[in-house]
Amino acid sequence: MARRGKAAIVLCLDVGFTMSNSASGEESSLEQAKKVMTKFVQRQVFAESKDEVAVVLFGTDGTRNDLASGDQYQNITVHRSLMLPDFDLLEDIQDVIKPDSEQADFLDAIIVCMDLLQKETIGKRYEKRHIELFTDLSSPVSEDQLEIIIANLKKTGISLQFFLPFPVDVDDGGGDTNASVHSQMHRHSFQRKGLTEQQKEGIDVVRKLMHTLDEEAGLEEIYTFRESLERLSMFKKIERRPMAWPCQLTIGSNLSIRIVAYKSVTEEKVKKIWTVVDAKTLRKDDVQKETVYCLNDDDETEVQKDDTIQGFRYGSDIVPFSKEDEEQMKYKTEAKCFSVLGFSRSSQIQRHYYMGNQVLKVFAAKDDENAAVAFSALVHALDELKAVAIVRYVYDRRCNPQIGVAFPYIKDAYECLIYVQLPYMEDLRQYIFSSLKNNKKCIPTADQLSAVDSLIDSMNLIYEDDDGETFEDLFKPSKISNPHFQRLYQCLQHKAFYPNEPLPPVEQHILEMLEVPRVVKERCQAPLEKVKALFPLKEVGKKKEEKTAQDIFKDNSEDGPNPKKPKIDDEEGSFSIIKLAEGNVTSVGSVNPAEDFRILVRQKNADFKDVSQQLINRIDQFLENKDSQYYMKGISCISVFREEAIKLSKVQCFNDFLQALKSKVVDKALADFWEIMIQDRISLITKDEAEGSLVTSEEAEKFLASKEKKNETLPPTDEGGDVDDLVSTIKT
């Protein structure tokens, strides 16, 4: 599977005086042509294409080309030789190339382009040589050398495309009437303007030239400026070179098949080539980075890097872990592996089990007939039995093993196995939700079910004809570019040209990329209205608050139009009848331990550790009763403990308590109590909630989910290889 070879492309632009003419309120042909060229070069630059691009201008005031002599090939200039496209070329197209006051024969310009391609590609390997010519066909043209041009284009294999301000099938009353279907599709986009006699003659020459080069599809290589802009509106994706991953597919100890795997699907990531530069000079060398390690003391004592060691947080302790320890800890494998552990029914592998960041296509090794026969037998057997292979996959000896599924995939052109990674036990998230069927209010009526069925049918993205056969896919994700990349490239290109200006708004075609297709949007309006009528939304008013004795006897002497229910954590200076009724709290009692705890930790000279220990003792007493009423009281205490720990920066005290509580839950069979903890989402305090914490949100979630696991495992190391290494980026 070799990558596409590079191409040599010449952009040939007419800059004669007629190209600058335009109707009122419209862009000139030259401006439109420059936009098309800009879009094309942008795509090449951001796709990191290896294609080389040259620029030839005709209709220039001066002459600069190797064929110019006497009055031959005048007013034709080679503006740029073949080289990789870059931002300099984009700047040239936008700012340097201007309309001139002369004219030149576009056939002479084609000859100059052919000569350039012949000379500058000698000794180099190009898969394709191509000329793209932009003109309004207003310059005089001589057909004397037309046959020679056609013969040389065919002989050298140079392809040719025309880009015009109008379609070639304009009804000019003469010439070839066999207009291409391709052009007819876009006729409605152009306003019929009267063409000059010179343009009509130019159209005839272009038709004759392209039809002779390719009788069937020659006229389809003639495009309009507007049509081309629509096609080039998306930045081209980066080209990838597929590389084989050779291995042995083993079944047991005696059967081995030579295979080769290629990455088929993977998430494309932005190639981060950001660098830090000086804001004024924009030079990288003017900025130097220096990392210094310091102790967390008053003097911030500097520590040499050799005197530091990484540590792993284990509960409240830091466990030192050197690089040598990390190397010894790594899972050791002998070599790459693609070993079948067993077989399973395909129905047993649920779709939501698919994980990982890639999909591999596995083929028999090339030019190995024995491997091809054995591999084909395996694929067809799996397909006939509706079975899949469960596989142990290791990219190389540096990587951790994966478990995955390989299922058969048979097409007319080839057959292979598709490998997808499967989860380990720790990767699964088990959540229990109550069934909607248990709540009579949630059971839909027959009309509601019918309405939703109609809505789903109306939003079908596969258009079918009357015979029920698939006609058209209205939404093809494989053909949709990533809007994030499109927007990034748009902004980078803008900043390259206009560094001091704000970023432009998002282009409309990017916004429309993930919109509902227009046909579907129109088709689903009626079903949506029916669903809206059958599922009415009602505004729920605020429930009336229940009044308690505290509400009745509270102190209303404070100013304010709407005095709210007083809180215990008000400022110490505030005074109310509630505080008088509370008396002098000296310890965490059993009647209202949560509120006692709140009051005590806010007293002057309060020892948070001592008060929290009193609360912990009460929680232990409640759990010993193993009753739902006491469970809820314990939950209330834990919630208050957590809130106050965050407010008073006592994060570690609470996290240590919760770690110890979890071990008690497992040892004392308090699974019901822990289920309540999970439902109320009471977990470790994370660093997003308080600065003193080192716990991440993911670790807090994992702490709740895995009830049976007492010790956290080390986080998996990054598998530096994997099949990501099989794909190399084509660099400019």
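Which residues form a nonpolar patch on the surface? I put this to the model, which is a predicted one.

**Entry 1, surface patch.** I found that the patch consists of Val452, Ile456 and Phe535. Together they present about 250 Å² of accessible area. I then looked up Ile456 and placed it in helix H10, which covers residues 446-458. Its relative accessible area is 54%, and Ile456 is therefore classed as exposed, the cut-off being over 50%.

**Entry 2, the sheet.** I traced an open sheet of six strands in the order E3-E2-E1-E4-E5-E6, and I noted that the pairing is mixed. Strand E3 (76-83) and strand E6 (222-224) stand at the edges; each has a single partner strand, so one side of each lacks a neighbour in the sheet. From one strand to the next, the twist averages 20°. I next examined strand E1 (residues 7-14) with strand E4 (residues 128-134), and recorded parallel pairing over seven bridges. For Leu11, I identified Glu132 as the bridge partner in E4.

Is Phe597 buried or exposed? I read a relative accessibility of 0%, so Phe597 counts as buried, the cut-off being under 20%. I located Phe597 in helix H17, residues 593-601. Setting aside neighbours within four places in sequence, I listed the contacts of Phe597 as Val588, Phe608, Val611, Ser612, Leu615, Val640, Phe641 and Glu644. I also checked Phe597 against Cys637: the two are 40 residues apart along the chain, and their C-alpha atoms are separated by 8.4 Å.

How values were computed
Residues are numbered from 1 along each chain as its sequence is written. This is a predicted model: local features need pLDDT of at least 70, side-chain atom pairs count only at pLDDT 80 or more; totals for chains, interfaces and linings use all residues. Side-chain values use heavy atoms; hydrogens and water are left out. Two strands pair if DSSP finds at least two bridges between them. Helices (H or I, at least four residues) and strands (E, at least two) are DSSP runs, numbered from the N terminus. Axes are lines fitted to C-alpha atoms, for helices over the stretch in contact, and angles run from 0 to 180 degrees between N-to-C directions. Patches are made of residues with over 30% relative accessible area and no salt bridge: like charges are joined within 9 Å, nonpolar side chains (Val, Leu, Ile, Met, Phe, Trp, Tyr) within 5 Å. Accessible areas come from the Shrake-Rupley method with a 1.4 Å probe; for residues, only the protein chains shown count as cover. A salt bridge is a side-chain nitrogen of Lys or Arg within 4 Å of a carboxyl oxygen of Asp or Glu. Buried means under 20% relative accessible area, exposed over 50%, partly exposed in between (1.4 Å probe, protein chains only). Contact means heavy atoms within 4.5 Å.
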